[in-house]
Amino acid sequence: MKGERDNGMRLGCNTVLFAAQDLVGALARVAWCGFEEVELAAIPGMCEHVVPGRDDANRVKRQVEDAGLRVVAIEAAMNLAEPYNIPRFNSVLQLASELEVEVINTGGGGKSNDVESEKVVYAAIRQLAPQ
C-alpha cells in the first residue's frame, strides 16, 4: 500500500474503522495496516475522532504526522436538512481549512423520493457552498 499503486490509485483509511480508539490509537492502527493517507471521522453521535470547535488543528496535524500519515479527508456525515447541523458543518469546513484538507464527506439528509425534503437539502448545500 505504500505510495501509489501501479494505476496511480491511492488508498487511504477512515479512522471510523477504529471507533473504539481515541484519535492517536486509531491513527496508529491505520498506519500499522500500511496506509499512508487517512480520513478523519467527525461523525456526531457515532465517531468523533476530531471535533470541530474543540480540537486544535496544530495538535491534530502533529498526531497525524507522528503516525506517519497524511490527512486527505474528513467525514462529517450529518443530515444537512436539519438547520441545527449547519453551524457544526461550517465548523468542520473551518477545521478542514486549518488542516489543509480539501475533501469533506457528508450525507445530504432528507428523505428519498420526497421533493420537498430534497429542496431543503439543496438549499442547505447552496448555503454551505463557497460563492
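Student: Are α2 and α3 roughly parallel or oblique to each other?
Tutor: The two helices pack at an angle of about 55°, and their axes are 9 Å apart. Axes here are lines fitted to C-alpha atoms, over the stretch in contact for helices, and angles run from 0 to 180 degrees between N-to-C directions. Under 35 degrees counts as roughly parallel, over 145 as roughly antiparallel, 65 to 115 as roughly perpendicular, and the rest as oblique. So α2 and α3 come out as oblique.

Student: Before we go on, what pLDDT do side-chain atom pairs need in order to count?
Tutor: Residues are numbered from 1 along each chain as its sequence is written, and side-chain values use heavy atoms, with hydrogens and water left out. This is a predicted model, where totals for chains, interfaces and linings use all residues, local features need pLDDT of at least 70, and side-chain atom pairs count only at pLDDT 80 or more.

Student: Back to that pair, then. Is the crossing of α2 and α3 left-handed or right-handed?
Tutor: A crossing is left-handed if the near helix is turned anticlockwise from the far one by less than a right angle, and right-handed if clockwise. By that rule, the way α2 passes α3 is right-handed.

Student: How many charged residues sit in the contact of α2 with α3?
Tutor: Contact means heavy atoms within 4.5 Å, and Ala-57, Val-60 and Lys-61 of α2 meet Leu-95, Glu-98 and Leu-99 of α3. Ala, Val, Leu, Ile, Met, Phe, Trp, Tyr, Cys and Pro count as nonpolar, Asp, Glu, Lys and Arg as charged, and the others, Gly among them, as polar. The contact of α2 with α3 has 4 nonpolar residues and no polar ones, and its charged residues number 2.

Student: And what about α1 and α2: are they roughly parallel or oblique?
Tutor: Helix α1 covers residues 23–32 and helix α2 residues 57–66; they pack at about 30°, with axes 9 Å apart. That angle makes α1 and α2 roughly parallel.

Student: Which residues of α2 make the contact with α1?
Tutor: α1 passes α2 in a right-handed crossing. On the α1 side, Leu-23, Val-24 and Leu-27 take part. By class, this contact has 5 nonpolar, 1 polar and no charged residues. The α2 side is made up of Val-60, Gln-63 and Val-64.

Student: How many polar residues does the contact of α3 with α4 hold?
Tutor: The axes of α3 and α4 come within 11 Å and cross at roughly 40°, which makes α3 oblique to α4. Their crossing is right-handed. Ile-86, Phe-89, Asn-90 and Leu-93 of α3 meet Ala-124, Gln-127 and Leu-128 of α4. By class that gives 5 nonpolar, no charged, and a polar count of 2.

Student: Which residues does Ala-76 touch, leaving aside neighbours within four places in sequence?
Tutor: Ala-76 lies in the loop between β4 and α3. Buried means under 20% relative accessible area, exposed over 50%, and partly exposed in between (1.4 Å probe, protein chains only). At 0%, Ala-76 therefore counts as buried. Its contacts are Ala-42, Phe-89, Val-92, Ile-104, Asn-105 and Thr-106.

Student: Is Arg-29 buried or partly exposed?
Tutor: Arg-29 lies in helix α1. Beyond four places in sequence, Arg-29 touches Phe-18 and Gln-21. With a relative accessible area of 35%, Arg-29 is partly exposed.

Student: Zooming out, what pattern does the protein chain follow along the sequence?
Tutor: Helices (H or I, at least four residues) and strands (E, at least two) are DSSP runs, numbered from the N terminus. The chain has 4 helices and 5 strands. Read along the sequence, the pattern is β-α-β-β-α-β-α-β-α.
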